[in-house]
Amino acid sequence: MFNKVKMRAEDVNFYYGKNQALKNINLDIYANHVTAMIGPSGCGKSTFIRLFNRMNELVLHTTLKGKISLDDLDINSPLVDAVDIRRRVGMVFQKPNPFPKTIFENISYGLRVNGINDKAFIAQKVEDSLKKAVIWGEVKDRLNDSALKLSGGQQQRLCIARCLAIENEVILFDEPCASLDPISTAKIEELILELKKNYSIVIVTHNMQQAARISDHTGFFLLGELIEFGKTQDIFTAPKDKKTEAYITGRFG
Amino acid sequence: MERHFFDSQLVDLKGDILFMGDLVEESIIDSVGALKQLSRSRAEQVIASDRIIDGWELKIDEECLELLALKQPMAGDLRFITMAMKISTDLERMADLAVDISQRVLELAGKPLLKPLVDIPKLTLLAQEMTRDSLKSFVNRDAELARKIILADRQADDLRDLVQQELLNDYMAKDKATILRAMPLLLVARHLERICDHATNIAEDVIYMIEAKVVKHHQENLD
């Protein structure tokens, strides 16, 4: 039985100028589930995931048709502030992007920008977020060190902690482990499985085995279309569409 | 895009299953041949050859585990490899049952048959046909044939019951002296019926492999 729908894409068509990048996408993101998007390079999965926090607005000459909703709220409504959406829907990118600040400030910055100034509260929030991101033990004695001194895997967990500090409801992961070693990847995957208890997760990944390991639902994209969407166990044992089968068995092309 | 190396490994696995299947078919044919002739030497040959079939089961298990660990197969490939493991187990059990039949022959050798064999040869033929057809359905990916095999299993049960009832009621119940010669025949019927069960298992696995449909234990789901 599926959980409630946290976000929904309805009849989504997206254009970069005249080039149509997404065609008639209909998809639900379930609360407290991990939803994976897979597909070959250029299929539109990163473009699609960026619609969920209006990141594509930062790119010139793009057009969105259709509706993206968050808890039944149309996130592209003129009455909705994109910053408010990004407060609720956070993002972790392929390349870890900590601020060039201390570890502490990387977490506290988001809180201050949102008007929180109570030092004790901020300190507690920093600790809680770093603990939830399973990095507290590694950094608690050097919170004033530059975040840029951390390893790639640590930086990525710091970026996740940043999302947790401002209490995102949905966290979007765009190939979060692409630049990480296997051990760091395993730590991030474990963290994602833990986080889904309290957050709704969407992950774009080139690594099908990763999608199989950690996701509850998987969507296969190809040339801007959603070819198949379903429970991960069904997609990877008995996909309905031949194109899905060809892709996940590595016979694509 | 082809995955030449992986695909050739799958072809090899299929070939190994078929080779093992051929050995098992031979074993069944030899065991029932030994029964017809009450041939001690033929029965002993079946018993001695069983370890070769056991070796094939181990080889196929190892092949499958390696493919699962190293190639991370998905979808149809995953179903094929996991079903290949189960099919090799069923084939190994069928070979064990051929050994059991041969053991019964050793118990019967040197004594006259209690009665002419009527239903046991029918059951024998059915077991051979079901075994051959189950392997055919696997190699040809023939789900329709697999479904026919599953439906034929009922006949095997009926023939076993027929043999059992005749030996129990018409011989063992009436004359205790016949028990020593009747029991082995009764057991042969059971062994042959179990061979048919394993052929049915293979057919069910073939349907899952082709259609991702579970029909085990639910014949009403055959459609």
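The crossing of H4(A) and H6(A) is right-handed. This is a predicted model, so please keep that in mind throughout. H4 of chain A covers residues 119–132, and H6 of chain A covers residues 152–165. Their axes lie 8 Å apart and the packing angle is about 125°. An angle like that makes H4(A) and H6(A) oblique to each other.

Who touches whom? From H4(A) we have A:Lys125, A:Val126, A:Ser129, A:Leu130 and A:Lys132. Facing them in H6(A) are A:Ala161, A:Leu164 and A:Ala165. By class, that contact of H4(A) with H6(A) holds five nonpolar residues, one polar and two charged.

Now the strands of chain A. Start with E1, residues 5–16, and E2, residues 19–30. E1(A) and E2(A) run antiparallel, joined by eight bridges. To find your place, look for A:Phe14, which stands opposite A:Leu22 in E2(A). The hairpin of E1(A) and E2(A) has two residues between the strands. In that hairpin, A:Gly17 takes a positive phi near 65°.

E1(A) has another pairing to show you. E4 of chain A, residues 62–70, pairs with E1(A) in the antiparallel sense, over eight bridges. Here A:Tyr16 has A:Thr62 in E4(A) as its bridge partner.

Stay on E1 of chain A for one more residue, A:Asp11. Its phi is near 50°, a positive value in a residue other than glycine. Is A:Asp11 buried or exposed? A:Asp11 counts as exposed, because there are 10 C-beta neighbours inside 10 Å.

Next, E3 of chain A, residues 34–38. Five of the five residues are buried, so E3(A) is largely enclosed by the rest of the structure. In a regular strand, side chains alternate between the two faces of the sheet. So look at both faces of E3(A), because each one is covered. A:Val34, A:Ala36 and A:Ile38 are buried on one side. A:Thr35 and A:Met37 are buried on the other.

Which strands pair with E3(A)? One is E8 of chain A, residues 200–204, which runs parallel to E3(A) and is joined to it by four bridges. There, A:Met37 stands opposite A:Val204. Another is E9 of chain A, residues 217–222, which also pairs with E3(A) in the parallel sense, over four bridges. In E9(A), A:His217 is the bridge partner of A:Thr35.

On to where the chains meet. Chain A gives twelve residues to the contact, and chain B gives eleven. On the chain A side, helix H9 (232–237) and helix H10 (242–248) are the elements that give two or more residues. That side of chain A has five nonpolar, five polar and two charged residues.

Now chain B, and its helices. Take H4(B) and H5 of chain B, residues 143–172. Their axes come within 10 Å and cross at roughly 160°. That makes H4(B) roughly antiparallel to H5(B). The crossing of H4(B) and H5(B) is left-handed. Residues of H4(B) in this contact include B:Ile120, B:Leu123, B:Leu126 and B:Met130. Those they meet in H5(B) include B:Leu145, B:Ile149, B:Leu159 and B:Val163. By class, the contact of H4(B) with H5(B) has twelve nonpolar, three polar and five charged residues.

Another pair in chain B is H3(B) with H6(B), residues 179–211. The axes come within 9 Å and cross at roughly 170°. H3(B) and H6(B) are therefore roughly antiparallel to each other. Their contact divides into 14 nonpolar, three polar and ten charged residues.

Finally, two loop residues in chain B. B:Leu38 sits in the loop between helix H1 (4–37) and helix H2 (40–71). Phi of B:Leu38 is near 45°, positive in a residue other than glycine. With 16 C-beta neighbours inside 10 Å, B:Leu38 counts as partly exposed.

The other is B:Pro112, in the loop between helix H3 (75–108) and helix H4 (119–140) of chain B. B:Pro112 is exposed, because 8 other C-beta atoms lie within 10 Å. How far is B:Pro112 from B:Glu204 in sequence and in space? In sequence, 92 residues separate B:Pro112 from B:Glu204. In space, the two are 40 Å apart, C-alpha to C-alpha.

Methods: Residues are numbered from 1 along each chain as its sequence is written. Chains are lettered from A and ligands numbered from 1 in the order in which they are written. This is a predicted model: local features need pLDDT of at least 70, side-chain atom pairs count only at pLDDT 80 or more; totals for chains, interfaces and linings use all residues. Axes are lines fitted to C-alpha atoms, for helices over the stretch in contact, and angles run from 0 to 180 degrees between N-to-C directions. Angles under 35 degrees count as roughly parallel, over 145 as roughly antiparallel, 65 to 115 as roughly perpendicular and the rest as oblique. A crossing is left-handed if the near helix is turned anticlockwise from the far one by less than a right angle, and right-handed if clockwise. Two residues are in contact if their C-beta atoms, placed from the backbone, lie within 7 Å. Ala, Val, Leu, Ile, Met, Phe, Trp, Tyr, Cys and Pro count as nonpolar, Asp, Glu, Lys and Arg as charged, and the others, Gly among them, as polar. Two strands pair if DSSP finds at least two bridges between them. A residue is buried if 20 or more other C-beta atoms lie within 10 Å of its own, exposed if 12 or fewer, and partly exposed in between; C-beta atoms are placed from the backbone.
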